[in-house]
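Here's a quick briefing to read alongside the model. Have the 3D view open and follow along.

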Amino acid sequence: MSKHLVIVESPAKAKTIKKYLGKDFEVLASYGHVRDLVPKDGAVDVAHGFDMKYQIIDRNEKHVKAIVSALKDADELWLATDPDREGEAISWHLAELLREKNALKGKPVKRVVFYEITQREVQNAIQHPRDISEDLVNAQQARRALDYLVGFNLSPLLWRKVQPGLSAGRVQSPALRLICEREEEIKAFVPREYWTLEAQVEKATQSFSAKLVEFDGRKVEQFTLNTVVGAMAAKSAVQKAANGSLRVASVDKKQRRRNPAPPFTTSTLQQEANRKLGFSASRTMRAAQQLYEGVDIGGETVGLITYMRTDSVNLAQDALADIRSVIPQQFGAKALPPEPRFYKTKSKNAQEAHEAVRPTSAGRLPKEVAKYLAPDQAKLYELIWRRTIASQMEQAVYDTVTAELRAGDAPAGSRGAHAFRASGSTLVEPGFIAAYLQGVDTPSGKEDEDDDKRLPALAVGDLVKLLDLIADQHFTEPPPRYTEASLVKTLEEYDIGRPSTYASIISTLLARDYVRLDGKAFIPTDVGMIVNKFLTDHFTQYVDYEFTAHLEDQLDAVSRGEKQWKPLLADFWSGFKPRVDEKMELSRAEVSEARQIGIDPASGKPVSARLGRYGPFVQIGTKEDSDKPRFASLRANQRIDTITLDDALALFQLPRKLGTLPNGEEVEVNIGRFGPYVRHGKSFVSLKKDDDPYTIELPRAVELIEQKAAALEAATIKSFDGTGIRIIKGRFGPYISDGARRAPVPRGREAESLSVFECEAYLAEAAAAPKKGAKKTATKKAAAKTAAADAGAAPAKKAAAKKVVKKAAKKATKKAAAKKT
């Protein structure tokens with residue numbers, strides 16, 4: 001019998017911890033959350049003090065039963081879920097659920113937390129238990145309630161006014177706003193022309209380059225040279241003054257020291273893994289979770305990194321000693337500074353008691369553990385190990401040289417004076433760079449293009465040979481689209497959401513088709529742009545960056561016990577609910593806002609682009625016209641806000657007639673519900689991925705028809721000449737088809753033994769059979785109709801209305817059965 005029952009969140013963590021605690025401890029997993037809000041209106045009861053109605057999560061019911069069963073044989077319960085707000089809430093929900101089931105029977109409940117899964121840390125946590133923190137639990141309940149109130153009220157509004165299946169979220173919507181606003185900036189951007197003049201020079205057979213910084217006595221700014229005429233005139237004037245050489249006017253030598261980046265927080269880990277490894281935020285967190293929970297390293301299961309949800313850059317004293325002992329062994333004594341480095345976190349609500357993400361043992365070198373890890377785990381572990389080690393290493397030291405080169409003898413600042421600047425930087429002491437160099441969000445990925453660029457020995461008065469003058473044309477570029485790394489960085493800067501939620505925010509935006517990835521960059525879709533415009537126009541406050549950040553501050557205040565959670569909800573709800581009710585009156589047309597593109601030259605009718613219930617489309621004409629408007633769906637790479645009139649009109653080419661087959665059947669191409677296809681007679685053939693319905697010609701269509709015919713012939717078990725009926729080998733068993741109808745071969749019958757008459761009978765029976773769900777739908781419709789009629793005749797209470805619906809359903813079912821008989 002186990003005296004102590006320990007509950008963790010995952011089976012992997014349970015397996016690791018069990019080894020550290022001994023035979024008196026049984027360790028089980030809750031498999032994440034055990035309870036959640038009831039998924040229906042009223043789960044957060046706004047009329048009764050924001051009471052929250054919870055129910056057990058179906059998939060975890062069996063795990064709760066296992067915990068209840070194990071608790072019978074235990075003397076006490078230890079809750080060891082993750083050391084954050086969410087982990088605290090899981091412990092609280094489990095304890096509440098066990099009390100409801102009367103499974104605790106007065107047994108003590110202890111809460112323990114550990115930030116790394118090592119024997120020392122786990123046993124130390126067991127020695128220092130505490131009670132469940134009500135403040136952390138209330139903060140999590142408030143967060144969940146806010147997410148529910150926003151999602152449950154805004155999402156149905158989006159379904160009605162924009163498109164089914166959409167969602168809005170307290171943090172998700174401001175993140176979408178960031179991406180859409182950046183897209184608007186890019187669209188509105190007007191490039192400006194500018195020119196640079198660069199001198200290619202040589203000293204003692206070593207060539208280097210220098211940029212023009214002074215022309216005709218004036219400092220050269222970005223737009224000083226902004227036309228080809230001006231650039232060529234400047235080039236000619238400089239060449240004339242230089243007469244084949246430039247004179248060294250000044251040489252400035254100094255040392256530059258560079259400090260290492262702090263160890264990883266959740267946010268910086270996600271950013272660097274995206275820049276350096278190409279990992280998405282969710283992929284990073286998945287691999288980090290596995291490294292934290294424990295990996296089998298040569299027969300020993302151990303957590304390789306500390307808890308990966310943190311906004312702290314602190315390192316524990318024993319961790320610092322461990323790291324400092326490894327640095328001289330791996331990088332030499334010169335790489336170790338005299339004292340440890342300490343970092344201050346930038347996040348105003350960071351929990352300083354937590355640690356940064358680091359290896360649990362710096363002595364576990366990446367090359368030694370890589371053979372035990374999956375590829376993603378190995379890459380991420382090395383990234384974390386190198387960043388952590390580098391954070392405690394010496395500065396990198398550069399020797400920098402800046403030289404000013406002048407053309408001619410005109411004094412600086414006077415008319416006719418021209419000067420160039422050459423810069424170079426040489427790495428003298430690599431320091432932390434030997435272990436790790438942080439990535440940046442620039443096109444080149446480098447902070448300083450002059451790093452590791454050497455200049456020859458230069459002295460004031462030296463003449464250097466002018467090899468060439470290069471005038472280059474440039475145009476200013478729009479701001480770059482967000483990548484996962486830059487989006488996470490911006491969310492953190494605005495204090496929107498928390499690092500642990502960034503991965504799920506990004507996943508939701510992609511899943512809802514609000515954004516798509518082009519390489520690493522986020523591009524908003526038509527749906528995303530319209531949803532964002534709807535929310536920013538009608539719910540401005542709730543997608544405002546400052547409002548969202550302020551709400552996060554309030555939630556953090558709840559977690560610290562400085563604020564009550566229910567008054568926070570009441571304050572939010574008092575402004576939010578009237579706004580939702582008011583916006584219910586909006587029409588779909590007001591929300592989707594059709595964009596007028598131009599006039600159709602053939603009909604003279606207006607052409608517009610808009611979003612419909614099933615996606616973006618273009619339309620010729622209006623509903624006020626005597627004849628119906630014509631519609632065509634946009635292609636995958638087209639957008640409502642950028643499609644041109646020519647592109648829109650091209651969409652109306654379908655269906656396209658391609659010609660006729662030798663048997664006289666006409667061939668046409670079109671796009672249907674399941675994608676582009678070729679039709680000949682009553683038969684259809686899907687186009688392949690690389691086939692374009694707007695450009696495909698008859699020979700390719702014939703090829704596709706022949707390929708399908710050959711595949712059909714190969715799959716045919718038996719055919720009946722002159723009838724069109726054949727028995728075909730299908731993916732889920734043999735079936736009968738005549739091209740229009742289809743029926744399965746009955747079980748127990750050999751396909752080859754069927755006659756043409758039997759096949760015809762099976763096809764007729766299949767065609768006459770009611771479609772799946774038709775009876776149920778008919779019954780529901782009839783019930784609803786009857787109930788509506790009864791409800792209109794006299795007002796009744798809810799219970800009576802239910803009775804009416806039940807009775808009507810029964811009546812409709814009987815009717816349907818009688819009809820069938």
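Contact here means heavy atoms within 4.5 Å. With that in hand, look at where two helices meet: T266, L269, Q270 and A273 in α8 meet A281, T284, M285 and A288 in α9. Sorted by class, this contact of α8 with α9 has five nonpolar, three polar and no charged residues. Keep in mind that this is a predicted model.

**The whole protein**

- Counting up the secondary structure, you get 23 helices and 31 strands.
- The radius of gyration is 35 Å, well over the 28 Å that the globule rule gives for 821 residues, so the protein is more spread out than a compact globule.
- If you box up the C-alpha atoms along the principal axes, you need roughly 110 × 85 × 60 Å.
- Of the 821 residues, 46% are buried.
- Take the contacts with a separation of 6 or more: 68% of them are between residues 24 or more positions apart.

**Helix pairs**

- A quick reminder on the bookkeeping: two packed helices are described by the angle between their axes and the distance between the axes.
- Back to α8 (residues 266–277) and α9 (residues 281–293): these helices pack at about 115 degrees, and their axes are 9 Å apart. Their crossing is right-handed.
- Next up is α6 (residues 172–188), which packs against α14 (residues 499–511) at an angle of about 70 degrees, with the axes 10 Å apart. Angles of 65 to 115 degrees count as roughly perpendicular, and that is therefore the label for α6 and α14.
- α6 passes α14 in a right-handed crossing. On the α6 side you'll find Q172, A175, L176 and I179, and they meet I505, T508 and L509 of α14. That contact has five nonpolar, two polar and no charged residues.
- α6 also crosses α13 (residues 484–494), at roughly 120 degrees, and the two axes come within 11 Å. The pair α6 and α13 is therefore oblique.
- The crossing of α6 and α13 is right-handed too. Here A175, L178 and I179 of α6 meet L487, T490, L491 and Y494 of α13. By class, the contact of α6 with α13 splits into six nonpolar, one polar and no charged residues.

- Q141 sits in helix α5 (residues 134–161). Is Q141 buried or exposed? Its relative accessible area is 10%, so Q141 is buried.
- Setting aside residues up to four places away in sequence, Q141 touches M52, Y54, W92 and W565.
- For a sense of scale, Q141 and A261 are 120 residues apart in sequence, and their C-alpha atoms are 35 Å apart in space.
- V326 belongs to helix α10 (residues 317–331). Its relative accessibility is 4%, so V326 counts as buried.
- Which residues does V326 contact, leaving aside its neighbours within four places in sequence? They are A362, G363, L365, W385 and I389.
- V326 and S361 are 35 residues apart along the chain, with 9.8 Å between their C-alpha atoms.

- As background, most residues other than glycine have a negative phi, and most peptide bonds are trans.
- Y31 isn't a glycine, yet it has a positive phi of about 60 degrees. You'll find Y31 in the loop between β2 (25–29) and β3 (35–37). Its relative accessible area is 38%, so Y31 is partly exposed.
- D216 isn't a glycine either, and its phi is positive at about 55 degrees. This residue is in the loop between β10 (206–215) and β11 (218–219). D216 counts as buried because its relative accessibility is 18%, and buried means under 20%.
- Where is the cis peptide bond that has an omega of about -5 degrees? It joins L654 and P655. P655 lies in the loop between α19 (645–650) and β24 (656–660).

Notes. Residues are numbered from 1 along each chain as its sequence is written. This is a predicted model: local features need pLDDT of at least 70, side-chain atom pairs count only at pLDDT 80 or more; totals for chains, interfaces and linings use all residues. Side-chain values use heavy atoms; hydrogens and water are left out. Helices (H or I, at least four residues) and strands (E, at least two) are DSSP runs, numbered from the N terminus. Buried means under 20% relative accessible area, exposed over 50%, partly exposed in between (1.4 Å probe, protein chains only). Axes are lines fitted to C-alpha atoms, for helices over the stretch in contact, and angles run from 0 to 180 degrees between N-to-C directions. Angles under 35 degrees count as roughly parallel, over 145 as roughly antiparallel, 65 to 115 as roughly perpendicular and the rest as oblique. A crossing is left-handed if the near helix is turned anticlockwise from the far one by less than a right angle, and right-handed if clockwise. Ala, Val, Leu, Ile, Met, Phe, Trp, Tyr, Cys and Pro count as nonpolar, Asp, Glu, Lys and Arg as charged, and the others, Gly among them, as polar. The radius of gyration is taken over C-alpha atoms; the globule rule is 2.2 Å times the number of residues to the power 0.38.
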